[in-house]
Every structure is written in C-alpha cells, then in structure tokens.
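Student: Could you take me through one part of this protein in detail, the charged cluster and whatever sits around it? I'd like the cut-offs spelled out as you go.

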Amino acid sequence: TRLRLDWLANDAPDGAWKGNFIRMLHLTFGYGILYVFLSLVCSLLFNIVVFIYTVFVIYLMTVVRRRIRERDQIREERCIGCEDVVCAAFCGCCTVSQMARQTAGRRRFFTPDGLDLESPVPAPVMHV
C-alpha cells in the first residue's frame, strides 16, 4: 500500500490499491488450504500448485523491488540486469526486509486540494 500498486505490482488507479491486503490474505489462505488438501490427495497437482505460487511470489517481489530501485534511483551493484530476481528467488526474507526499510522512511501526505506528495526527507538507501 505504501507504493500504491495493485496486487500484480502495477500502478493502481486512485484507491484501487486499498483492497490489496485483503486480496493477498485471501490468496494466501486459499493457497494454504490447497496446500494441505492436495498434499493428502494428489502429489502431482500439489507440486504444480506449489510451483505456481512460488513463481508468483518471486515475480511480485522482483517487480516491487525494481520499482523501488527505479523510484529511489538505486543502481544495481551485482548481477547487473537480474539482481532483483536473484535477490527475490534466493533471499526472499532479506528482500522483503530491505524493501520495508527502504519504503518506511518515506512519508506521504495530502494537501488540502488532494495532491499526494512525499516528504522531502528521503529514506536512507539500503544495500543487501
């Protein structure tokens, strides 16, 4: 919600990003139910569902991390061209933590005429 993106990490129109938490919560609980059910019933379908969910999560982390880097003008230092996907795939917890720290320092406020502005004090750049 801090970045105002939809559930596929695209720019969201006004207010469309507000339902993201609930949408992702439903998706995660649905995955958990499928995970338990399919692990008991069909191993092939279970493996397919796990693979699809894993790819989806890595895709989201990759796109969001790239958007944060572009917004804050942070250049890639290692694995030029594929650093975002490598970090998301092999160090997901670190990637999520890094993105949270990078976006936490930014404060958004709305002017009386409805303009969405960022605080003039940027968050410190974090490298993992």
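Tutor: Here is a walk from the overall layout to the charged cluster, then on to the cores, rings and cysteines.

First, the ground rules. This is a predicted model, in which local features need pLDDT of at least 70, side-chain atom pairs count only at pLDDT 80 or more, and totals for chains, interfaces and linings use all residues. Residues are numbered from 1 along each chain as its sequence is written, and side-chain values use heavy atoms, with hydrogens and water left out.

Now the layout. The protein has four helices and two strands, where helices (H or I, at least four residues) and strands (E, at least two) are DSSP runs numbered from the N terminus. Along the sequence they come in the order α-α-α-α-β-β. Of the 128 residues, 28% are buried; buried means under 20% relative accessible area, exposed over 50%, and partly exposed in between, with a 1.4 Å probe and protein chains only. The accessible surface is about 8800 Å², with 67% of that belonging to carbon and sulfur atoms (Shrake-Rupley method, 1.4 Å probe; for residues, only the protein chains shown count as cover). Among contacts with a separation of 6 or more, 49% are between residues 24 or more positions apart, a contact being heavy atoms within 4.5 Å.

On to the part you asked about. The structure holds seven salt bridges, each a side-chain nitrogen of Lys or Arg within 4 Å of a carboxyl oxygen of Asp or Glu.

Elsewhere, Asp72 and Arg71 meet in a salt bridge at 2.8 Å, N to O. Asp72 counts as buried at 13% relative accessibility, whereas Arg71 is partly exposed at 28%. Back at the cluster, salt bridges with shared partners join Arg65, Arg69, Glu76, Glu83 and Asp84 into one network.

Leaving aside neighbours within four places in sequence, Asp84 is in contact with Thr62, Arg65, Arg66, Arg69 and Glu76. Asp84 and Val64 are 20 residues apart in sequence, with their C-alpha atoms 9.0 Å apart in space.

Val64 takes us to the nonpolar side. It is part of the largest nonpolar core, made up of Leu5, Ala9, Phe56, Leu60, Met61, Val63, Val64, Ile68, Ala88 and Met99, ten residues in all. Such a core is a set of buried Ala, Val, Leu, Ile, Met, Phe, Trp, Tyr and Cys residues joined through side-chain atoms within 4.5 Å. Helix α2 (residues 43–72) gives the most to this core, with six residues. Beyond neighbours within four places in sequence, Val64 is in contact with Leu3, Leu5, Ala9 and Met99. A second, separate core of five residues includes Tyr31, Leu38, Phe46 and Tyr53.

The whole structure has three aromatic pairs: rings of Phe, Tyr and Trp (its six-membered ring) pair if their centres lie within 6.5 Å, and planes under 30 degrees apart count as stacked, over 60 as edge-to-face and the rest as tilted. Tyr31 and Tyr35 have ring centres 5.8 Å apart and planes at 55 degrees, so the pair is tilted. Both lie in helix α1 (residues 20–41), four residues apart, about one turn of the helix. Tyr31 is buried at 17% relative accessible area, while Tyr35 is partly exposed at 38%. Ring pairs link Tyr31, Tyr35, Phe46 and Tyr53 into a cluster.

Last, the cysteines. The structure holds zero disulfides, a disulfide being a pair of cysteine sulfur atoms within 2.5 Å. The sulfur of Cys87 is 7.1 Å from the closest cysteine sulfur, in Cys91, so that is too far for a bond. Cys87 is buried at 17% relative accessible area, and Cys82 is partly exposed at 34%.
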